[in-house]
Amino acid sequence: MSTYQLVVKGCLVLENGAVTGELGINDGVIETISSDQGTLKGARTLDFGDAYIFPGLIDAHVHCYTNPEEGFINNTASAAAGGFTTILDMPYDSPDPITSAERFKDKVALLEKEAIVDVGLWATVAKGGAQQIVPLAEAGAIAFKLSTFEADPYRFPRIPDHEVLQALHLAGGTGLMVAFHAENGEIIGHMIEEYTKEGKVAPRAHMETRPPVSESIEVLKLMEMAYWTRAKLHIVHVSHPRTIELIGSFQRQGVQVTAETCYPYILKDVSDLEQLGTKAKMNPPLRDPEDAKRMWEYVKAGAFNMITSDHVPWDKSKKNAGKDNIFKAAPGLPGLEIMASLIFDRGVAKGEMTPVQYAQLLSQHPAELFGIEGKGRIAPGYDADFTVIDPRAHWVIDEQKFRTKAKITPFHGQKVQGKVIHTMIRGCTVYDGSEVVQKPGFGQFVAGSASTKK
Ligand SMILES: [Zn+2]
């Protein structure tokens with residue numbers, strides 16, 4: 001019997017099912033999987049009983065620097081405590097977005113000093129800056145994110161259609177995906193103006209001024225562009241069933257389009273926006289209850305490639321600015337510390353989703369879509385990245401305990417079944433069930449596939 005540096009025991013969520021077994025790990029890599037227990041000998045053994053051991057979860061949609069007072073340290077501590085072993089960070093940093101290889105490399109250097117979990121980096125382009133796509137891909141961008149909606153003229157601009165086409169062509173050559181925030185600014189801008197004139201500024205107005213068509217019409221346009229350019233298109237934060245139905249129809253035509261939804265769109269609806277106001281404001285908005293229900297049905301049926309958090313840690317002042325006028329509140333919610341447990345509760349604990357489906361949506365599919373080697377599965381040769389969830393633990397979400405400064409969530413006070421009790425990266429514990437135990441700098445840069453393929 002050979003001895004491993006580490007043996008981990010529990011209910012292993014493998015590609016084809018969950019089995020009680022054990023893993024032999026050397027140098028941070030899985031070497032052996034046994035579906036018996038007591039067959040592997042470890043210099044150290046961690047026994048998680050009948051808790052699920054998932055492949056390390058990956059959140060492909062995180063904003064560490066939208067609020068620059070947060071950054072990698074707080075946000076990756078949140079990720080570790082929430083069960084995420086890898087996050088992919090969005091490029092709309094404040095004050096300067098990641099639009100050049102130079103800025104990209106500076107951000108890599110920063111994450112290598114400060115990250116506690118592994119981090120891949122999205123890149124974006126400035127208006128007129130599409131020629132930066134190839135240098136950014138070579139610098140290690142995990143993918144590109146662009147917007148059809150002008151959230152900010154410099155930091156988060158709307159890229160005009162002809163430049164989107166150019167970006168899709170250029171990115172297509174790198175093999176990297178181009179993702180879009182897809183909302184129509186003309187419809188939304190006009191409706192907000194009308195509503196404001198009429199004094200209709202209560203929370204529900206946020207949903208009404210961003211009707212489903214303002215999302216679906218932009219997604220349609222992008223998919224037609226992907227058809228002609230053969231680029232890999234990804235639609236982030238799909239909020240409405242109509243949108244995923246359209247995506248399905250283009251997929252059946254052979255267009256390379258993938259989609260994610262974010263956990264609030266399947267767990268909350270516009271009634272929460274009405275009750276909680278700015279706490280539940282995000283773009284696109286929460287939808288009608290029957291739409292949220294249909295979104296969940298589509299998730300279970302496999303229509304979505306992954307679920308992400310769209311974690312945006314705004315502090316209270318940015319949210320409170322919209323107390324009397326919903327349009328003035330910053331959109332976005334923190335999610336890293338609660339999403340894994342919330343989806344487990346709604347899906348696996350309630351028997352509506354198998355542990356394998358859960359692992360696909362939160363680990364395997366993001367690893368495959370972004371071409372992250374050595375992650376996304378519990379298999380020999382893969383990194384010993386694990387998220388351990390106790391399926392019987394009951395707990396209550398307390399926003400005051402969040403590790404980000406954004407102590408705001410519409411899920412505050414909610415009871416949850418299923419709790420992250422351990423997070424491990426490359427064979428090292430990063431979260432032990434109560435504390436984050438690794439220091440900033442433990443996390444590694446996850447380079448995009450265009451920079452590693454050479
Ligand atoms: Zn986002």
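This is a predicted model: local features need pLDDT of at least 70, side-chain atom pairs count only at pLDDT 80 or more; totals for chains, interfaces and linings use all residues.
P284 lies in the loop that runs between α10 (270-276) and α11 (289-300), and the peptide bond that joins N283 to P284 is cis, with an omega of about -10 degrees.

**Cis peptide bonds**
- Besides the bond between N283 and P284, which is cis, the peptide bond from S94 to P95 is also cis, with omega near 5 degrees.
- P95 belongs to the loop between β8 (84-89) and α2 (101-114).

**Positive phi angles**
- R230, although not a glycine, has a positive phi of about 60 degrees, and its place is in the loop between α7 (212-229) and β12 (233-235).
- R230 is exposed, because its relative accessible area of 71% is over the 50% cut-off.
- D310 is not a glycine either, yet has a positive phi of about 50 degrees, and this residue sits in the loop between β14 (306-308) and α12 (316-320).
- D310 is buried, because its relative accessible area of 10% is under the 20% cut-off.

**The largest nonpolar core**
- The largest nonpolar core holds 104 residues, and those with the most contacts inside it are F54, I87, F104, F144, I247, I307 and Y358.
- Helix α13 (residues 339-349) supplies the largest share of this core, namely six residues.
- The core draws at least three residues from domain 1 (3-53 + 380-438) and at least three from domain 2 (56-371).
- F104, one of the residues with the most contacts inside the core, touches I98, L121, W122, A123, L136, A139, G140, A141 and F445, when residues up to four places away in sequence are not counted.

**Helix α8**
- Helix α8 (residues 241-252) has 12 residues, and the distance from its first C-alpha to its last is 17 Å, which is close to the 16 Å expected at 1.5 Å a residue.
- The buried residues of α8 are P241, T243, I244, L246, I247, G248 and F250, and I247 is also listed among those with the most contacts inside the largest nonpolar core.
- An α-helix has 3.6 residues a turn, so residues three or four places apart point the same way.

Conventions: Residues are numbered from 1 along each chain as its sequence is written. Side-chain values use heavy atoms; hydrogens and water are left out. Helices (H or I, at least four residues) and strands (E, at least two) are DSSP runs, numbered from the N terminus. Buried means under 20% relative accessible area, exposed over 50%, partly exposed in between (1.4 Å probe, protein chains only). A nonpolar core is a set of buried Ala, Val, Leu, Ile, Met, Phe, Trp, Tyr and Cys residues joined through side-chain atoms within 4.5 Å. Domain bounds come from an automatic or database domain assignment. Contact means heavy atoms within 4.5 Å. The expected span of a helix is 1.5 Å times one less than its number of residues.
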